[in-house]
Amino acid sequence: MTTADISGPRATKLKPHRSNQRPPFECIALVLQGGGALGAYQGGVYQALAEADLHPDWVAGISIGAVNSALIAGNPPEKRVARLREFWEMVSTAPFGAGYLPSIEIKDEFTHRWVNQLSSLGNLVGGAPGFFKPRVPPPLPITPGSPDALSYYDVAPLRATLERLVDFDLINSKITRFSVGAVNVRTGNFVYFDNATHAIGPEHVMASGSLPPGLPATEIEGEHYWDGGLVSNTPLEWVLSGTPRQDTLAFQIDLWSASGSLPRNLIEADVRQKDIHFSSRTRAAINQFKSAQL
């Protein structure tokens, strides 16, 4: 197996190269990890791959990567880029119908940082269109509630979005292999919902991105599931250990940087902590794979 590691904002700058000849691999896999709004970079990478006629045979995702995976596997190749763009333009719309100063060119870092924080505050208060909305009234920390209400946001909009933009019959036709990871809340076990063994629906995609306490656990066949990133933020290991064994070209899009600068403030410290936390399992999987090849 060959892996191609694509990291951060550079992911959108892949140089398209058209070829009528498919690379000499039995399988082309696309591995999409979790990263919230950073998942928009994955859409850019997929567009570059599509322009190069590199259409994946297997798409595997965690959290927001699961949503992007569904948009890819759940649409024919000619519609995938448009569906990804439609989703990301929708969820990036500011709540309350207000824009985020789109016409102002921000040149200094301080102003740019505060505009970003203002945008985040808007999503915190108003939610993200087509994705999640605040619960009114919000739940109290010590008040018992049903499992689907133990969160600050309601994800009914995401279910409606997935049902509109994703053809789950196409996913279940198994033309493209599809895998998403989640964590069983009761047992703590990590599980994969794979169209090779499961009939995939919106709930499997939502389970992979059910990050507490913001989003509620997703119930599937009597069990409740949280975001797969709580255990492993990348499905690389699942692809590497996939059966039957195939000569595979795997594209992994890293949204979190293992190396970085010393933080200068509390906001940067929080970002750096997430970089280290979410990149650790990715590095472990890659190192394990490299060792196995020696």
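**Exercise 1.** Determine where proline 138 lies and whether proline 138 is buried or exposed.

*Solution.* Step 1: proline 138 belongs to the loop that separates strand 4 (133-134) from strand 5 (153-154). Strands (E, at least two residues) are DSSP runs, numbered from the N terminus.

Step 1: the relative accessible area of proline 138 is 52%, so this residue is exposed. Exposed means over 50% relative accessible area, buried under 20%, and partly exposed in between (1.4 Å probe, protein chains only).

Step 2: from C-alpha to C-alpha, proline 138 and alanine 149 are 9.2 Å apart in space and 11 residues apart in sequence.

The model is predicted: local features need pLDDT of at least 70, side-chain atom pairs count only at pLDDT 80 or more, and totals for chains, interfaces and linings use all residues. Residues are numbered from 1 along each chain as its sequence is written, and side-chain values use heavy atoms, leaving out hydrogens and water.

**Exercise 2.** Identify how strand 6 pairs with strand 3 (residues 58-62) and with strand 7 (residues 190-194).

*Solution.* Step 1: two strands pair if DSSP finds at least two bridges between them.

Step 1: strand 3 and strand 6 are parallel, with five bridges; glycine 181 is the bridge partner of isoleucine 62.

Step 2: strand 6 and strand 7 run antiparallel, joined by five bridges; alanine 182 has valine 191 as its bridge partner.

Technical notes: Helices (H or I, at least four residues) and strands (E, at least two) are DSSP runs, numbered from the N terminus.
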